[in-house]
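Hello,

Here is the structure I promised to pass on to you. Have a look at it first, and then read my notes below.

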Amino acid sequence: MHPDRAAHDPSPARAAARPGDGPEEGAWYPCSWPDKFTPVAQFLLQGGKVLAVTLTGDAVQAKNGSMVAYDGQMAFKKMSGGGEGLRGMVTRRITGEQLTVMEVKGQGTCYFADRAADISLVRLSGEKLHVEASNLLCTEAALRTGTTFTGVRGAAQGSGLFTTTVEGSGQAALISDGPAVVLRVGQGTPLQVDPGAYVAHTGDLRQSFQSGVSFRTFMGEGSGEAFQVRFEGDGLVYVQPSERNTLGGEI
Amino acid sequence: MPFHEINSKLVEARVVPGQRLFSQRGAMIAYRGEVSFTPNRASGQGGVMSMIGRRVAGEAAPLMTVEGNGTVMFGHGGHHIQVVELDGDTLCVEADRLLAFDGSLEQGTMFMGSQGGVMGMVRGQVTGQGLFTTTLKGRGSVAVMAHGGVLELPITPGRPVHVDPQAYVAHHGDVRNKLSTALGWRDMVGRGSGEAFQLELSGDGAVFVQASEEKL
């Protein structure tokens with residue numbers, strides 16, 4: 001009754017991705033498989049708001065409670081302190097950049113979603129991604145997470161003085177309220193972003209804080225755009241089409 | 001097929017004389033032609049007995065009958081709408097998620113305890129679905145509401161699908177569900193992963209999952 005049922009079924013893709021399943025091993029591939037196959041989680045977006053992650057025995061880190069469905073065998077385990085050990089736990093407590101993540105491990109396909117937020121996939125190859133802890137949905141196990149000091153921007157964003165960093169090679173999934181826009185910052189083309197709409201950034205970027213507070217603001221005639229974050233350098237900035245409640249948005 | 005999706009949050013239904021539609025009360029957005037809306041005291045089909053049954057079961061969503069000649073647009077609360085085509089099989093859905101459905105479909109109420117006895121009742125309580133759920137059977141289409149996009153996951157024998165109870169929307173086909181728990185000592189000390197309860201659906205059919213853990 002549903003001809004497109006097969007389109008949603010991830011099983012053919014998974015079967016093809018696993019080595020040794022083909023009838024003639026090596027015949028399908030020009031080079032033979034390495035002796036030790038390191039499984040890599042496959043991230044696939046299903047309609048922009050659901051992330052399907054195919055696991056073959058490996059693990060991913062995901063926001064606590066964001067699983068909506070799975071098939072196969074999965075185990076969920078909460079990782080205290082964002083899975084960064086005791087030091088990370090203490091740092092996160094102190095900085096208020098709480099990240100409640102769980103480790104999902106198993107075989108099969110796991111579907112993640114969070115309050116109908118839009119998901120964007122970011123592929124990292126060695127660079128560093130700065131993201132708000134609340135905007136991080138899922139990361140590959142090969143990626144390391146940590147915390148850094150953001151300076152005064154964090155205070156204006158209403159998200160604290162610290163931000164989460166993701167480093168390494170692999171894929172990460174970000175969530176945003178509405179589909180995120182990726183804006184490029186190049187040499188000579190700086191970008192100003194509303195702190196409430198900022199989601200994440202990668203690349204070699206310097207950020208500074210600028211304010212448009214004038215005497216009008218104090219007269220109660222503010223435009224609601226009192227503060228901006230200015231990005232300079234070379235990189236990408238992810239912006240969401242919605243604004244969090246910030247101090248700057250009200251004055 | 002009477003439902004036509006205008007966008008993800010709005011459906012248009014064609015009403016022709018002699019064919020009725022049922023919809024959630026107040027879900028009409030606009031209409032063309034000569035269409036009448038009558039509140040349905042029995043909140044669905046069947047006689048007085050099924051009306052009492054639904055009242056008792058708490059599955060009595062206020063419905064209205066849509067009759068006449070024209071087209072009607074339905075939408076509610078900005079929720080995402082999924083149109084499900086039924087071809088003789090049964091759709092199980094919560095009454096408050098039903099936006100509109102064909103009058104030709106046979107509406108009923110299913111007792112959760114009938115699948116799995118006491119555990120079925122426990123499941124209904126844990127998942128917030130209550131002890132009863134609405135079933136629709138026959139040939140026709142149903143418009144179901146969900147928060148965020150809807151994902152249809154196929155269920156085939158030997159490949160059960162586990163679903164977060166809060167993200168579960170509806171299922172159809174020959175599907176058995178049971179509550180599976182993954183409670184460990186971590187949950188007891190407040191260190192749970194937030195995935196302690198799951199609905200395990202097995203059999204042959206499909207389950208609809210929403211991209212959110214929010215109830216309507």
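Strand 11 (residues 161–163) of chain B runs antiparallel to strand 13 of chain B, and three bridges join them. Strands here are DSSP runs of E with at least two residues, helices are runs of H or I with at least four residues, and both are numbered from the N terminus. Two strands count as paired if DSSP finds at least two bridges between them. Within this pairing, B:His162 stands opposite B:Glu200 in strand 13 of chain B.

Please keep in mind that this is a predicted model, where local features need pLDDT of at least 70, side-chain atom pairs count only at pLDDT 80 or more, and totals for chains, interfaces and linings use all residues. Residues are numbered from 1 along each chain as its sequence is written, chains are lettered from A and ligands numbered from 1 in the order in which they are written, and side-chain values use heavy atoms, leaving out hydrogens and water.

Is strand 13 (residues 197–210) of chain B mostly covered or mostly open? It is mostly covered, with ten of its 14 residues buried (under 20% relative accessible area, with a 1.4 Å probe and protein chains only). For the whole of chain B, 53% of the 216 residues count as buried. Chain B has three helices and 13 strands.

Enjoy exploring!

Definitions and conventions: Buried < 20%, exposed > 50% of the residue type's maximum accessible area, 1.4 Å probe, protein only.
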